[in-house]
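Please consult the sequence and the structure shown below.

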Amino acid sequence: MSDKSTIVALATPHGESAIAVIRVSGPLSKEIAEAAFAPKLEAHPRLSRFGKYVSMTGAIIDECIYVFFKGKASYTGEDSIEISCHGNPLICNKIISDLYDRGCEAAAPGEFTRRAFLNGKIDLSQAEAVMSVISASSERALASANKLLSGELGKLVSEWSSKMLGLLAEIEAQIDFSDEGIIESDISHFKNEIDKLHSCLSNTANSARYGNVIRDGITVLILGAPNAGKSSLMNRLIGSERSIVCNEPGTTRDFISENFNIGNYRIRILDTAGLREDVKSTVEKIGIRKTMECLDIADLIVFVADSSTKEPVIPLSITRRISPENTIVVLNKSDLPRVMDTGRFLEKFERVSISAIADSSREIVASAIIKFIEDKKIVPDKDLLIVGERQAELLMGACRSLTLAKEKISQIPLEFIAEMLRDSMENLSEIVGTFDNEKVLDKVFSNFCIGK
């Protein structure tokens, strides 16, 4: 698609709604704003106007609010219109079809944000953050995405690139003006500066390991013996009857997954098959095997025990994999006479006592989960800038070049060291998009929704 074309797309989700937004961007925008609405008025930038959308055949399609944006003051950096019409799919399709007749083309996925990048409105790291903001499912994920959208990574990249450029200038000066070769004090200076840069880049790259937790949520696995109250607790936490509650052992055969929020955190909770040694059912055995697989992906384990019965026998395969570092113990059925010696059962673990049938149980367990998340730093500090996988890969590539430069600076000509610094700077430039690589841009914007 030519960057000179005028593109159009629905910017709100498909389906019925009170209002839908249709976005237009490109050189025909002003002409359309002045011709497609009645009464016909001169297009004034950033002025909301009410009018009837009239097709090229003269038919009134809908009453709309429309805003014209001029050039650099728009999201895309070029003339554009945002049309707010009634959210009837028939109306939206008729308006978009008429806009095709007026010379518009269908926007490709991410085309509006791609144009914003190409027109210098945002850098590539900000463009990538747009989809993170749209898909954020928790307060923490939204805050992380907004830090990238505000350009914080771009600012850091600019600062690091500036320091590398300064270091490169010093090395180039040594190459051009030193007749006696590089001296030891200069080698030490260069190594120290490279070390500082490497530390900054690697620390930022390592933040990517928190990406899944921030984006997809914290995986909480509920474990326990049959009839300990695991399913009742899950239902209480999510606020609906998601898991079947029954007195018959082995009711839960497969793990059940649900997503919900606790405080600022997105939680993916898994209710699993009850743990016991004398399993005869083939289906239940499969369920328990899946429970073991879930242990490998859990960020936090909630072990539910029935305090009105004797201490449960925990399979050895489980005792090897739970610890005070990854597990909270929930002593359930506190409304019944206590039989278990709770002081001895998993005594070093964090624990709470509840009755899963009581309304207060959700708040008690939720508070324990939040405390555990924050104490164990499962989610990073809110001020940490968390980069994506592509950005982390480029940062580590820059780090590898810096490491090689530091190791070889006393052994090879400075011209090669200078080239290593340039390689590092090139990796940084790809983070913010100060390069010409159409394939990289295609990959970045291919995951965007139409209309963004």
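Two strands pair if DSSP finds at least two bridges between them. Strands (E, at least two residues) and helices (H or I, at least four residues) are DSSP runs, numbered from the N terminus.

## Basis of the model

This is a predicted model, in which local features need pLDDT of at least 70 and side-chain atom pairs count only at pLDDT 80 or more, while totals for chains, interfaces and linings use all residues. Residues are numbered from 1 along each chain as its sequence is written, and side-chain values use heavy atoms, with hydrogens and water left out.

## Strand β12 and its partners

Strand β11 (residues 300-306) runs parallel to β12 and is joined to it by six bridges; isoleucine 301 has threonine 327 as its bridge partner in β12. Strand β13 (residues 350-353) also pairs with β12 in the parallel sense, over four bridges, and there valine 330 is partnered by valine 352.

## The seven-stranded sheet

Seven strands form an open sheet with mixed pairing, in the order β3-β4-β5-β6-β2-β1-β7. Its edge strands, β3 (37-38) and β7 (105-106), each pair on one side only.

Strands β5 (residues 60-69) and β6 (residues 80-87) run antiparallel and are joined by five bridges. Within this pairing, the partner of phenylalanine 68 is isoleucine 81 in β6.
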